[in-house]
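Hello,

Here is the structure I said I would pass on. Please open it beside this email and follow along; my notes come after it.

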Amino acid sequence: MSATVLFYLYAAVALAGAIALVRARNLIHGIIGLFATLVAIGGLYLLLGSEFLAAMQLFVYGGAVTVLVLFALMLAGPKVATEAAPSRGVAWIAGVVSAAFFVAVGAVLWRTGWQLAPPHIHDTASIATILFSRYVLPFEIAGLSLTIALIGAVVISREDDIASATAVVISRDDDLPTPAHAPAEQPASDSAPVATAADLAGDEGGAV
(Lines give C-alpha, C1' and ligand atoms only; values in the text may rest on other atoms or scores of the structure.)
Protein backbone atom coordinates (compact mmCIF):
# COMPACT_ATOMS: atom_id res chain seq x y z
CA MET A 1 0.00 0.00 0.00
CA SER A 2 1.49 3.35 -1.02
CA ALA A 3 2.20 6.22 1.37
CA THR A 4 -0.46 8.38 -0.29
CA VAL A 5 -3.19 5.81 0.33
CA LEU A 6 -2.07 5.38 3.95
CA PHE A 7 -2.05 9.16 4.42
CA TYR A 8 -5.65 9.53 3.26
CA LEU A 9 -6.67 6.49 5.31
CA TYR A 10 -5.14 7.82 8.53
CA ALA A 11 -6.51 11.30 7.82
CA ALA A 12 -10.02 9.91 7.32
CA VAL A 13 -9.84 7.91 10.56
CA ALA A 14 -8.57 10.94 12.48
CA LEU A 15 -11.32 13.17 11.08
CA ALA A 16 -14.06 10.60 11.72
CA GLY A 17 -12.85 10.07 15.29
CA ALA A 18 -12.81 13.83 15.94
CA ILE A 19 -16.36 14.21 14.61
CA ALA A 20 -17.53 11.27 16.71
CA LEU A 21 -15.89 12.81 19.78
CA VAL A 22 -17.67 16.13 19.30
CA ARG A 23 -21.11 14.72 18.45
CA ALA A 24 -21.21 11.80 20.90
CA ARG A 25 -23.80 12.13 23.67
CA ASN A 26 -22.35 9.16 25.51
CA LEU A 27 -18.94 10.02 26.90
CA ILE A 28 -17.69 6.45 26.50
CA HIS A 29 -18.36 6.65 22.75
CA GLY A 30 -16.61 10.02 22.67
CA ILE A 31 -13.52 8.54 24.33
CA ILE A 32 -13.45 5.79 21.71
CA GLY A 33 -13.49 8.46 18.98
CA LEU A 34 -10.67 10.31 20.77
CA PHE A 35 -8.61 7.13 20.89
CA ALA A 36 -9.12 6.53 17.16
CA THR A 37 -8.02 10.10 16.37
CA LEU A 38 -4.87 9.84 18.49
CA VAL A 39 -3.85 6.51 16.96
CA ALA A 40 -4.42 7.85 13.43
CA ILE A 41 -2.25 10.88 14.18
CA GLY A 42 0.47 8.49 15.33
CA GLY A 43 0.22 6.79 11.95
CA LEU A 44 0.68 10.16 10.23
CA TYR A 45 3.83 10.76 12.28
CA LEU A 46 5.09 7.37 11.17
CA LEU A 47 4.55 8.28 7.53
CA LEU A 48 6.61 11.44 8.06
CA GLY A 49 9.56 9.36 9.27
CA SER A 50 9.25 10.43 12.92
CA GLU A 51 9.28 7.05 14.62
CA PHE A 52 9.92 8.56 18.04
CA LEU A 53 6.96 10.96 17.79
CA ALA A 54 4.75 8.13 16.55
CA ALA A 55 5.71 5.95 19.53
CA MET A 56 5.16 8.81 22.00
CA GLN A 57 1.81 9.57 20.38
CA LEU A 58 0.69 5.99 20.91
CA PHE A 59 2.16 5.57 24.41
CA VAL A 60 1.42 8.97 25.94
CA TYR A 61 -1.75 10.13 24.20
CA GLY A 62 -3.27 6.93 22.86
CA GLY A 63 -2.54 5.09 26.10
CA ALA A 64 -1.96 7.36 29.10
CA VAL A 65 -4.29 10.23 28.23
CA THR A 66 -7.13 7.91 27.22
CA VAL A 67 -6.76 5.96 30.48
CA LEU A 68 -6.67 9.26 32.40
CA VAL A 69 -9.94 10.39 30.81
CA LEU A 70 -11.55 7.04 31.60
CA PHE A 71 -10.27 7.26 35.17
CA ALA A 72 -11.70 10.77 35.55
CA LEU A 73 -15.03 9.58 34.13
CA MET A 74 -15.06 6.67 36.57
CA LEU A 75 -14.44 9.02 39.51
CA ALA A 76 -17.06 11.50 38.34
CA GLY A 77 -19.78 8.85 38.55
CA PRO A 78 -22.22 7.19 36.16
CA LYS A 79 -24.61 10.14 35.94
CA VAL A 80 -22.19 12.11 33.74
CA ALA A 81 -21.77 9.22 31.28
CA THR A 82 -24.59 10.60 29.15
CA GLU A 83 -24.79 14.25 28.24
CA ALA A 84 -28.12 15.99 27.81
CA ALA A 85 -28.89 17.31 24.35
CA PRO A 86 -28.03 21.03 24.11
CA SER A 87 -30.72 23.54 23.31
CA ARG A 88 -31.18 24.82 19.77
CA GLY A 89 -29.72 28.24 20.58
CA VAL A 90 -26.58 26.75 22.12
CA ALA A 91 -26.18 24.45 19.13
CA TRP A 92 -26.39 27.38 16.69
CA ILE A 93 -23.84 29.41 18.67
CA ALA A 94 -21.47 26.45 18.83
CA GLY A 95 -21.85 25.90 15.08
CA VAL A 96 -21.05 29.54 14.26
CA VAL A 97 -18.00 29.59 16.54
CA SER A 98 -16.76 26.29 15.11
CA ALA A 99 -17.18 27.52 11.53
CA ALA A 100 -15.28 30.74 12.32
CA PHE A 101 -12.48 28.77 13.95
CA PHE A 102 -12.32 26.40 10.97
CA VAL A 103 -12.06 29.32 8.54
CA ALA A 104 -9.31 30.96 10.63
CA VAL A 105 -7.27 27.75 10.86
CA GLY A 106 -7.76 27.09 7.14
CA ALA A 107 -6.50 30.59 6.29
CA VAL A 108 -3.40 30.11 8.45
CA LEU A 109 -2.67 26.73 6.87
CA TRP A 110 -3.15 28.11 3.37
CA ARG A 111 -0.88 31.14 3.83
CA THR A 112 1.91 29.39 5.74
CA GLY A 113 4.84 28.10 3.74
CA TRP A 114 5.47 24.64 5.17
CA GLN A 115 8.95 23.16 4.99
CA LEU A 116 10.12 19.66 5.81
CA ALA A 117 12.25 19.35 8.91
CA PRO A 118 15.89 18.39 8.41
CA PRO A 119 16.76 14.74 9.03
CA HIS A 120 18.65 15.36 12.28
CA ILE A 121 15.50 16.73 13.95
CA HIS A 122 13.92 13.26 14.03
CA ASP A 123 16.34 11.70 16.54
CA THR A 124 15.50 11.60 20.25
CA ALA A 125 18.26 13.94 21.44
CA SER A 126 17.30 16.76 19.06
CA ILE A 127 13.60 16.45 19.91
CA ALA A 128 14.37 16.53 23.65
CA THR A 129 16.58 19.60 23.23
CA ILE A 130 13.89 21.52 21.33
CA LEU A 131 11.08 20.35 23.63
CA PHE A 132 12.78 21.35 26.89
CA SER A 133 14.29 24.59 25.62
CA ARG A 134 12.06 26.33 23.08
CA TYR A 135 8.76 24.63 23.95
CA VAL A 136 9.20 24.04 27.67
CA LEU A 137 6.32 26.39 28.62
CA PRO A 138 3.66 24.60 26.48
CA PHE A 139 5.00 21.29 27.78
CA GLU A 140 4.55 22.37 31.40
CA ILE A 141 1.10 23.86 30.68
CA ALA A 142 -0.05 20.55 29.16
CA GLY A 143 1.14 18.60 32.21
CA LEU A 144 -0.52 21.10 34.57
CA SER A 145 -3.80 20.90 32.64
CA LEU A 146 -3.89 17.11 32.95
CA THR A 147 -3.21 17.35 36.68
CA ILE A 148 -5.99 19.92 37.16
CA ALA A 149 -8.41 17.68 35.25
CA LEU A 150 -7.64 14.74 37.55
CA ILE A 151 -7.98 16.86 40.70
CA GLY A 152 -11.29 18.25 39.45
CA ALA A 153 -12.63 14.75 38.86
CA VAL A 154 -11.66 13.74 42.41
CA VAL A 155 -13.37 16.83 43.88
CA ILE A 156 -16.56 16.23 41.90
CA SER A 157 -16.67 12.58 42.99
CA ARG A 158 -16.19 13.55 46.65
CA GLU A 159 -19.03 16.08 46.49
CA ASP A 160 -21.32 13.44 44.99
CA ASP A 161 -20.37 10.95 47.72
CA ILE A 162 -21.07 13.48 50.48
CA ALA A 163 -24.44 14.44 48.93
CA SER A 164 -25.50 10.78 48.54
CA ALA A 165 -24.46 9.97 52.12
CA THR A 166 -26.45 12.94 53.46
CA ALA A 167 -29.52 11.84 51.46
CA VAL A 168 -29.25 8.32 52.90
CA VAL A 169 -29.04 9.63 56.48
CA ILE A 170 -32.07 11.90 55.97
CA SER A 171 -34.11 9.06 54.44
CA ARG A 172 -33.27 6.79 57.38
CA ASP A 173 -34.36 9.46 59.87
CA ASP A 174 -37.68 9.84 58.03
CA ASP A 175 -38.28 6.07 58.19
CA LEU A 176 -37.99 5.90 62.01
CA PRO A 177 -41.39 5.06 63.72
CA THR A 178 -43.00 7.92 65.63
CA PRO A 179 -45.22 6.98 68.67
CA ALA A 180 -48.86 8.03 68.41
CA HIS A 181 -49.07 9.46 71.95
CA ALA A 182 -45.65 10.47 73.05
CA PRO A 183 -45.47 11.81 76.60
CA ALA A 184 -44.80 15.47 76.79
CA GLU A 185 -41.42 16.34 78.16
CA GLN A 186 -41.53 17.94 81.58
CA PRO A 187 -39.41 21.03 81.89
CA ALA A 188 -36.53 20.46 84.21
CA SER A 189 -36.58 22.61 87.34
CA ASP A 190 -33.42 24.19 88.55
CA SER A 191 -34.33 23.75 92.26
CA ALA A 192 -35.90 20.97 94.35
CA PRO A 193 -39.68 21.15 95.06
CA VAL A 194 -40.51 23.21 98.18
CA ALA A 195 -42.77 21.52 100.75
CA THR A 196 -45.78 23.59 101.86
CA ALA A 197 -47.16 23.93 105.42
CA ALA A 198 -50.11 21.67 104.60
CA ASP A 199 -47.77 18.92 103.43
CA LEU A 200 -45.75 19.18 106.63
CA ALA A 201 -48.88 19.03 108.77
CA GLY A 202 -50.10 15.98 106.91
CA ASP A 203 -46.77 14.23 107.40
CA GLU A 204 -46.80 14.96 111.18
CA GLY A 205 -50.36 13.66 111.54
CA GLY A 206 -49.48 10.48 109.77
CA ALA A 207 -46.46 9.99 111.97
CA VAL A 208 -48.57 10.33 115.13
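H1 passes H2 in a left-handed crossing in this predicted model. On the H1 side, the residues making the contact include Ala3, Leu6, Phe7, Tyr10 and Ala14. On the H2 side, they include Gly30, Ile31, Leu34, Thr37 and Leu47. H1 covers residues 3-23, and the two helices pack at an angle of about 155° with their axes 7 Å apart. Angles over 145 degrees count as roughly antiparallel, so H1 and H2 are roughly antiparallel to each other.

Now H2 by itself. How far apart are the end C-alpha atoms of H2? The distance is 30 Å.

Asn26 caps the N-terminal end of H2. A side-chain oxygen of Asn26 lies 2.9 Å from the backbone nitrogen of Ile28. Just after H2, Gly49 takes a positive phi of about 85°.

Several H2 residues are buried: Gly30, Ile31, Gly33, Leu34, Thr37, Leu38, Ala40, Gly42 and Gly43. Among them, Gly30, Ile31 and Leu34 are also part of the contact with H1.

As for the whole protein, there are 7 helices and 0 strands. From the N terminus on, the elements run α-α-α-α-α-α-α. The protein has 208 residues, of which 12% count as buried. Of the contacts with a separation of 6 or more, 63% are between residues 24 or more positions apart.

Regards

Methods: Residues numbered from 1 in each chain as written. Predicted model: local features only at pLDDT ≥ 70, side-chain atom pairs only at ≥ 80, totals over all residues. Heavy atoms only, no water. Helix = DSSP H or I, 4+ residues; strand = E, 2+ residues; numbered from the N terminus. Expected span 1.5 Å × (residues − 1). Buried < 20%, exposed > 50% of the residue type's maximum accessible area, 1.4 Å probe, protein only. Polar contact = N/O pair within 3.5 Å; in protein donor to acceptor, adjacent residues only side chain to side chain. Axes fitted to C-alpha atoms, helices over the stretch in contact; angles between N-to-C directions. Parallel < 35°, antiparallel > 145°, perpendicular 65-115°, else oblique. Left-handed = near helix turned anticlockwise from the far one by under 90°. Contact = heavy atoms within 4.5 Å.
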